[in-house]
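The following note is meant for a colleague who is new to this structure. Its points may be read alongside the sequence and the coordinates.

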Amino acid sequence: MPQRRSHIAPSAVESELAAALTALREDLDTPTEFSAEAMAEAEAATAPEPDLDLRDVPFVTLDPLGAKDLDQAMHLARNGSGFEVRYAIADVPSFVTPGGAVDASARERGQTLYAADGSIPLHPRVLSEDRASLLPEQNRPALVWTFKLDEAGVVSEFRLERALIRSRAQLDYASAQQALDRGEESPLSLLPLIGGLRQELEAQRGGASLNLPDSEVVQREDGTYDIDRRHPLPLEDWNAQLSLMTGMAAASLMIEAKVGVLRTMPEPDEKAFTAFRLQTEALGRPWKDGEYGEYLRSLDREDPLTQPVLEAAASLFRGAGYVTFDGTVPADIEQAAIAAAYAHATAPLRRLVDRWALAICLAVSRGEEIPSWARESLEELPALMQASGQRASRLNADTVNRVEAALLTPLDGTTIEATVIEVREDRATIQIADPAVTASAPLPAGAKPGDTVPLRLIRADIGRGEVEFALADASVADR
């Protein structure tokens, strides 16, 4: 049935949503402002003299449009029959004094939080969006990983050095993808080839990338809110492979030194595999044989049932955490989805743990002692990151729920068509196309994943972020 385009107009609904989003910020158990001491310290912070001057290397950054906290810059080149990849990371360890006010503030936060009406940064913006950020046409200190890859994309050698760099351009995903699709020569011309080779190596290791559609709350120019849902562009997947390669290199250095912090995730157990197989059979896209990563890569992204399959596969990617060690490397250190040991070491402006990994890796690369501040505080990191991860997940989910309720408010009492994504007993997770909303609803008799069903919206509570549906043919008494 036809549905009109729904958006949140500047009205009482918009005002109620703005108040609900403000309340979310206030309810977070994390500070939203920095102390005067932290701000003064950030303003005065300076980086030490770098070991190398790499300003002649034409690095570029690749981020979402309008981003200011630029953690990474890259330079890709041919190297005989193989490749050279330089991956520069913002030198946050140089700007943060261990035990200082900025350090204390960052440990309270754990990571940058992204709300609908702006971000709550991990570090004062004078650092995260200015002096430590790899902004274009600015001299910036960076920790530069240099990788030599053979013709198959295998890393033959790598090194990590502190250097001064100067990015030539700030590229965004959409424009850069369009340029590649048009066949234009660009600083990223080698990225599809290198990223594709790294994807093949991931498949050979038995790794699996789960690229679910992104759900992002956006604020339009007129001040209204909406939800953008989109699949990652191929360029984003190729770029992610460079980050994964760097994280694997960082892990190898820390394992060699027998001190560090790794990102781990257990292999799914047989119960999870069995449940996922049953779900794929119910969806008509059965996983019959082979590795689950191979199966996920084989899915047709144009198939409307691929999204429900990927949503179901999310149950296999659980239990991620951090493990620290000093003196003895733990037995279980693999990140199962990557099928290798891996560390978070590429986003220090936005994630606390990366500063520790980078400081340790630089010391190992130089043959120096591990910084005492990093070694002494290692054990604190898993709990700090778990707490910040829970805050981020809660903020994201609660924000999306409130915006979805606001988007649906104009449709209260109407019948809406929805696609069944997942079935659990007599309830279903449903996806509405317009407005783009995912919710829980009663399951019509005989409905299965992939079916389109009519539902009646009977309640949309913006303040609580709750929506309630009834079967389209249900009477009021049936509710």
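1. A residue is called buried if its relative accessible area is under 20%, exposed if the area is over 50%, and partly exposed in between. By this rule Phe276 is buried, and Trp287 is buried as well. The model discussed here is a predicted one.

2. Aromatic pairs. The model holds 10 aromatic pairs. In one of them, the ring centres of Phe276 and Trp287 are 5.8 Å apart and the planes stand at 50°, so this pair is classed as tilted. Phe276 belongs to helix α9 (residues 270-282), whereas Trp287 sits in the loop between α9 and α10 (292-298); the two are 11 residues apart, and their pairing links distant parts of the chain. A further pair, Trp356 with Trp373, is edge-to-face, with 5.1 Å from centre to centre and 75° between the planes. Because Trp356 is in helix α12 (residues 353-366) and Trp373 in helix α13 (residues 372-376), this pair ties together parts that are 17 residues apart in sequence. Trp356 is buried, at a relative accessible area of 0%, and Trp373 also counts as buried, at 18%.

3. Ring cluster and charges over rings. Phe273, Phe276, Trp287, Tyr292, Tyr295 and Phe317 are joined into a cluster by ring pairs. Elsewhere, Arg109 is placed over the face of Phe34, 3.8 Å from the ring centre. Arg263 is likewise over the face of Tyr322, at 4.6 Å from the ring centre.

4. In soluble globular proteins, nonpolar side chains tend to be buried together. The largest nonpolar core in this model has 58 residues, of which Trp145, Leu235, Leu242 and Met254 touch the most other members. Helix α12 supplies the largest share of this core, 10 residues. Apart from it lies another core, of 27 residues, which includes Leu70, Ala90, Leu134 and Leu135. As for Leu235, its contacts beyond four places in sequence are Leu62, Tyr173, Ala176, Gln177, Leu180, Leu188 and Leu191.

5. Glu202 is part of helix α7 (residues 191-205). Beyond four places in sequence, Glu202 is in contact with Gly207, Ala208, Ser209, Gln241, Leu244 and Arg297.

6. Positive phi values. Most residues other than glycine have a negative phi. Lys258, in the loop between α8 (234-257) and β12 (259-264), has a positive phi near 60°. Ala339 also has a positive phi, of about 60°, and is located in the loop between β14 (334-335) and β15 (340-341). Lys258 is partly exposed at 44% relative accessibility, while Ala339 is buried at 15%.

7. The segment after β20. Ala472 is found in the segment that follows β20 (466-471) and is partly exposed, with a relative accessible area of 28%. Ala472 touches Thr415, Pro454, Leu455 and Arg456, leaving out residues up to four places away in sequence.

Conventions
Residues numbered from 1 in each chain as written. Predicted model: local features only at pLDDT ≥ 70, side-chain atom pairs only at ≥ 80, totals over all residues. Heavy atoms only, no water. Helix = DSSP H or I, 4+ residues; strand = E, 2+ residues; numbered from the N terminus. Contact = heavy atoms within 4.5 Å. Phe/Tyr/Trp six-rings, centres within 6.5 Å; stacked < 30°, edge-to-face > 60°. Buried < 20%, exposed > 50% of the residue type's maximum accessible area, 1.4 Å probe, protein only. Lys NZ or Arg CZ within 6 Å of the ring centre and 35° of its normal. Core = buried A, V, L, I, M, F, W, Y, C linked by side-chain atoms within 4.5 Å.
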